[in-house]
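Biologist: Please take a close look at one part of this protein for me. I would like to go through its charged pairs.

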Amino acid sequence: EIGSYLSLSRAGFSSYIFNGDTLETGASIDRLPNQDLTWETTTQTDFGLSLSLLNNRINIEADYYNKITSDLLLEVPLPATSGYQTSFTNIGSVRNRGFEFAIDAAVIQNNNFTWNTNFNISFNKNKVLDLGGAQEFFVTAIGDNQIQNDYIIRVGESLGSIYGLQDDGVYNFNDFIEFDGLTDAEAAELLYSNVTGTENWYSVNIYNLKEGVVRNSLVQDGTYRPGMTKFVDHNGDGIINDEDRHIIGNTLPIHVGGFSNNFTYKNFDLSIQTQWSYGNDIYNKNIKKGTNTANPWSSKLALVNQRWSPENPNNTLTSFNTGASGNINSAAYARYIEDGSYLRLSNITLGYTIPNKIAKSVGLKYLRLYAAVDNVYVWTKYSGWDPDVSVGRNQLTSGLDVDSYPRARTVRFGI
């Protein structure tokens, strides 16, 4: 949702130093005006088919659409030298093209029992067509004060593209010259033998990588250690840096849909509703916060049990560390991206309608009792609270999960 008055400038609290040493608080303009801001323009083509069969007991609808939206209202990042962070502007165009299908059927209809069902499914493909002459720009999502530019809007790609590095576990014993030819037990013994005084093994960074093992641009040769984060060399130059960032996930689903069934048997009625999403990724930024293995250690996710240690050399999460960890904290990692597909049993409602004779005897025309459960169960591989999540502050950072609240399961009774 786009707020009000975003085409106007805005003043906010600001501080400035006067006379060389006096800090005073005042006001300054913190949002640039844009008097040329206009509504988005949409051009859409639709082809549809509606079909009824068996005396309207089966109804089918199918639609194909091609929608192009121009003059997009986007909050575009500005260079730091401008003194402003972002500005709302009309820029570029995006296309949504897809297919929608729905079927509604009265499966069984007789005096004592009825069964009605509805099924719908939607496919959509999104593509950025133009960005006002630019090829791409980056957006930083909320939830972490280190990661920057973790979403990318690029011509030819879809919105919801997550941008970062492909992590590849950790450097292990067999990546190092010093441990060449040793068993894991022998390598661990050597690692501990190099620890002196009050040091911990994870603070001794004195080892050299073998030739051909990918290097980290933030770590100097001779200062590596087993258990440091390792990355995939995406561009093949042997060095991990910003050039290895690429699209590591997309939060837009391949298809979404729903399936509902309604039954009646005499005075009883039962409704069962399901919904799903398939093919979308979730950017689980909670993993970044909950698996930080740097000292000091605070509350963590159980994933930290998968950290590398000399006794657990097959584990793939960055080891404990008191200094260099090999992490590139300004980048999103592929391990933060999870499959967001799910099937949700969203509602079950069971009701009973009191016979009219009894209802009228107590002065009522109609009386129905019911019990309902919302958010009954979710089948998903997602590790977070709920796969149907998106807490980003704008449409450019969709599918973000960071500090979100779980969705409650609700039981209701009514008359």
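Is D150 buried or exposed?

Modeller: This is a predicted model. D150 is buried, with a relative accessible area of 0%. Its salt-bridge partner is K285. The closest N and O atoms of D150 and K285 are 2.9 Å apart. D150 sits in the loop between strand 9 and strand 10, and K285 in the loop between strand 19 (281-284) and helix 2 (286-290), so the bridge ties together parts 135 residues apart in sequence. K285 is buried too, with a relative accessible area of 0%.

E136 forms a salt bridge with R154. Here the closest N and O atoms are 2.8 Å apart. E136 belongs to strand 9 (residues 136-139) and R154 to strand 10 (residues 151-154), 18 residues apart. E136 has 32% relative accessibility, so it counts as partly exposed. R154 is partly exposed as well, at 24%.

Another pair joins R368 and D269, with the closest N and O atoms 2.7 Å apart. R368 is in strand 23 (residues 368-380) and D269 in strand 18 (residues 268-278), 99 residues apart. The cut-off for buried is under 20% relative accessible area. D269 has 17%, so D269 is buried. R368 has 23% and is partly exposed.

Salt bridges also form a network, which links R344, D386, D388 and R407. Across the whole structure, the search finds 14 salt bridges.

Technical notes
Residues are numbered from 1 along each chain as its sequence is written. This is a predicted model: local features need pLDDT of at least 70, side-chain atom pairs count only at pLDDT 80 or more; totals for chains, interfaces and linings use all residues. Side-chain values use heavy atoms; hydrogens and water are left out. A salt bridge is a side-chain nitrogen of Lys or Arg within 4 Å of a carboxyl oxygen of Asp or Glu. Helices (H or I, at least four residues) and strands (E, at least two) are DSSP runs, numbered from the N terminus. Buried means under 20% relative accessible area, exposed over 50%, partly exposed in between (1.4 Å probe, protein chains only).
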